[in-house]
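This report covers ring pairs, helix packing and strand pairing. Please view the chain alongside the text.

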Amino acid sequence: MSAPETTIRHATLVLEQRRETFLPTLFGRQHLIVAENTLYNLMSWLSPRDYGGGFWDFYEHEGKPLYLVPTSRPRYRIVCETNGYEGEVSADAAGIIATLFALSHLSFKYESDLLAEGYSRLYAFAADHPEASEIFQAID
């Protein structure tokens, strides 16, 4: 009897020439500015000792936008006061956590199907991430 095959999903870095369409596709044009500011503010709240702004990479899967990743450090200490989570994760996992928080918050605030679908897509993707346990503890 062989072990079941597992498929690891891989996100693709969005190339420079396509960056301008990523955020409007993920958040919607009507929520673009609020969503971007919400995401960056949430990252500051989640990682006050390590995050101080900077450039973010954008990732997609199968042509659909997924999440943003801060690039100023390889790892971030995450502290979530609302659920007691504390841990250190890769920049990739930190970006997933912050993007999930932002999509969740905004989808309830604006009752947006686009934002809710983005959250569901990223949540499903995160289940296969090497740091899935940390991601789900942080967003719980």
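## Tyrosine 123 and phenylalanine 136

Phenylalanine 136 is partly exposed, with a relative accessible area of 22%. Tyrosine 123 is partly exposed too, at 39%. Buried means under 20% relative accessible area, exposed over 50%, and partly exposed in between (1.4 Å probe, protein chains only).

The two ring centres of tyrosine 123 and phenylalanine 136 lie 4.7 Å apart, with the planes at 50 degrees, so the pair is tilted. Tyrosine 123 sits in helix 4 and phenylalanine 136 in helix 5, so the pair ties together parts 13 residues apart in sequence. Rings of Phe, Tyr and Trp (its six-membered ring) pair if their centres lie within 6.5 Å; planes under 30 degrees apart count as stacked, over 60 as edge-to-face and the rest as tilted.

## Model and numbering

This is a predicted model: local features need pLDDT of at least 70, side-chain atom pairs count only at pLDDT 80 or more, and totals for chains, interfaces and linings use all residues. Residues are numbered from 1 along each chain as its sequence is written, and side-chain values use heavy atoms, with hydrogens and water left out.

## Helix 4 against helix 5

The axes of helix 4 (residues 113–126) and helix 5 (residues 132–139) come within 9 Å and cross at roughly 140 degrees. That makes helix 4 oblique to helix 5. Axes are lines fitted to C-alpha atoms, for helices over the stretch in contact; angles run from 0 to 180 degrees between N-to-C directions. Under 35 degrees counts as roughly parallel, over 145 as roughly antiparallel, 65 to 115 as roughly perpendicular and the rest as oblique.

Tyr119, Tyr123 and Ala126 in helix 4 meet Ala132, Ile135, Phe136 and Ile139 in helix 5. Contact means heavy atoms within 4.5 Å.

## Other rings

The whole structure holds 8 aromatic pairs. Among them, tyrosine 51 and tryptophan 56 are edge-to-face: 5.7 Å centre to centre, 75 degrees between the planes. Both residues, tyrosine 51 and tryptophan 56, are buried. Ring pairs also link Tyr40, Tyr51 and Trp56 into a cluster.

## Strands

Strands 1-2-3, in that order, form an open sheet with antiparallel pairing. Strands pair if DSSP finds at least two bridges between them. Helices (H or I, at least four residues) and strands (E, at least two) are DSSP runs, numbered from the N terminus. Strand 1 and strand 2 (residues 56–61) pair over 2 bridges. Threonine 12 stands opposite glutamate 60 in strand 2.

Strand 4 (residues 75–80) and strand 5 (residues 85–90) pair antiparallel over 6 bridges. They form a hairpin with 4 residues between them; glycine 84 in the turn has a positive phi of about 85 degrees.
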